Amino acid sequence: MAGILAWFWNERFWLPHNVTWADLQSTEEAAFPQAEDLYLAFPLAFCIFMIRLLFERFIAKPCALGLKVQANGPQKAQPNAILEKVFTAITKHPDEKRLEGLSKQLDWDVRSIQRWFRQRRNQEKPSTLRKFCESMWRFTFYLYIFTYGVRFLKKTPWLWNTRQCWSGYPYQPLMPDLHYYYIVELSFYWSLMFSQFIDVKRKDFGIMFTHHIVTVTLITFSYVTNLTRVGTLILCLHDAADIVLEAAKMANYCKCQKLSDLLFLTFAVVFIVSRLGIYPLWILNTTLFELYEALGNFPALWVFNVLLIVLQILHCFWSYLIIKAAYKAISKGKVAKDARSDVESSSDEEETVPRSKAPHSAIATNGTSGANGTNGYLTGATCSEEH
């Protein structure tokens, strides 16, 4: 094991020429980032998750009920043993041939069977109340950590001159505020990595999971190699748009459509300016060029830059979805349904099939769509998510 660790943490891979791990050891005069510091992120991630549960239960939920956010989940499908067996054991999305067979077996028309499957799928979807509580938690955390980051960074020279990120490297002492900022951000993303499996499911689950992995990897390796100055810039930049996003979601869940649309368009502007403008011109410029000029070439430099470019690719993908939704908002006068929505529209599967037979008992005809047809907004997270 010791041999594997020594090979993995090879100085010539991770550090610039003439820099060793010994140079990054803390002394009585100055503290430097240590790999052992990152172990603190795991218990802290658990604490953040527990704080989230308490926050959603005792703060977010009462706020949601006070704002009259819908507490009930989607309408339940009529109990039917045959359809339930097909749904749980065979398919949740029956094809036309299977629908015709079920129609003959049950003496129901095809559209009613389609509606039953849609209602049954939506039955497993989270309620608007749950989504509001999740968004309020993320809004609160992003607002707090972004405010903390801005207050910290405005006192640093590298906010105004990115070349200062590399000045004096590797002898850049670890400031307590920077250490706290890094560990809290890392802990939050670790908590997201695991809570993502129980959170409201979105259509870009895989992309967001990739985003979280890249983010945790970048935070970890930049901390261990003391490339933390540029790391603080990246973290703060990514948190800005997420605040507006979660606010837009909450307004949507409260059915404040005009406020929701305004916040979404604000989010679109902030996201595109920060991720497609400031990020490449400010962050990638300093990591691709200024870092190379200051410290020379070393293998880990390209690892970091590849990961940062992966983030930029994700930014481009999300920006495409945001621009597409914003265009619909402008052309139709309201924000279109989120491409990441977790609730199906009532017209998703309303095929033009003639009603040939009536079901034995009535089934609700409106499915489980939201009252305004909007179930969320485009992101991440993260970046998240969403970074």
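1. Cys254, for one, is in no disulfide, and the nearest cysteine sulfur, that of Cys256, lies 5.3 Å away. Cys254 is buried, at 17% relative accessible area, while Cys47 is partly exposed at 39%. Here buried means under 20% relative accessible area, exposed over 50%, and partly exposed in between, with a 1.4 Å probe and protein chains only.

2. A word on the basis: this is a predicted model, where local features need pLDDT of at least 70, side-chain atom pairs count only at pLDDT 80 or more, and totals for chains, interfaces and linings use all residues. Residues are numbered from 1 along each chain as its sequence is written, and side-chain values use heavy atoms, with hydrogens and water left out.

3. Do have a look at His179, which sits in helix H8 (residues 176-195); helices are DSSP runs of H or I with at least four residues, numbered from the N terminus. At 24% relative accessibility, His179 is partly exposed. Beyond its neighbours within four places in sequence, His179 touches Asp37, Leu174 and Tyr223, contact meaning heavy atoms within 4.5 Å. Asp37 is 142 residues from His179 in sequence, yet their C-alpha atoms are 9.0 Å apart.

4. Finally, helix H9 (residues 205-224) has 20 residues and spans 29 Å from first C-alpha to last, close to the expected 28 Å. That expectation is 1.5 Å times one less than the number of residues. After H9 comes Asn226, with a positive phi near 65 degrees.

Note on methods
Helices (H or I, at least four residues) and strands (E, at least two) are DSSP runs, numbered from the N terminus. A disulfide is a pair of cysteine sulfur atoms within 2.5 Å.
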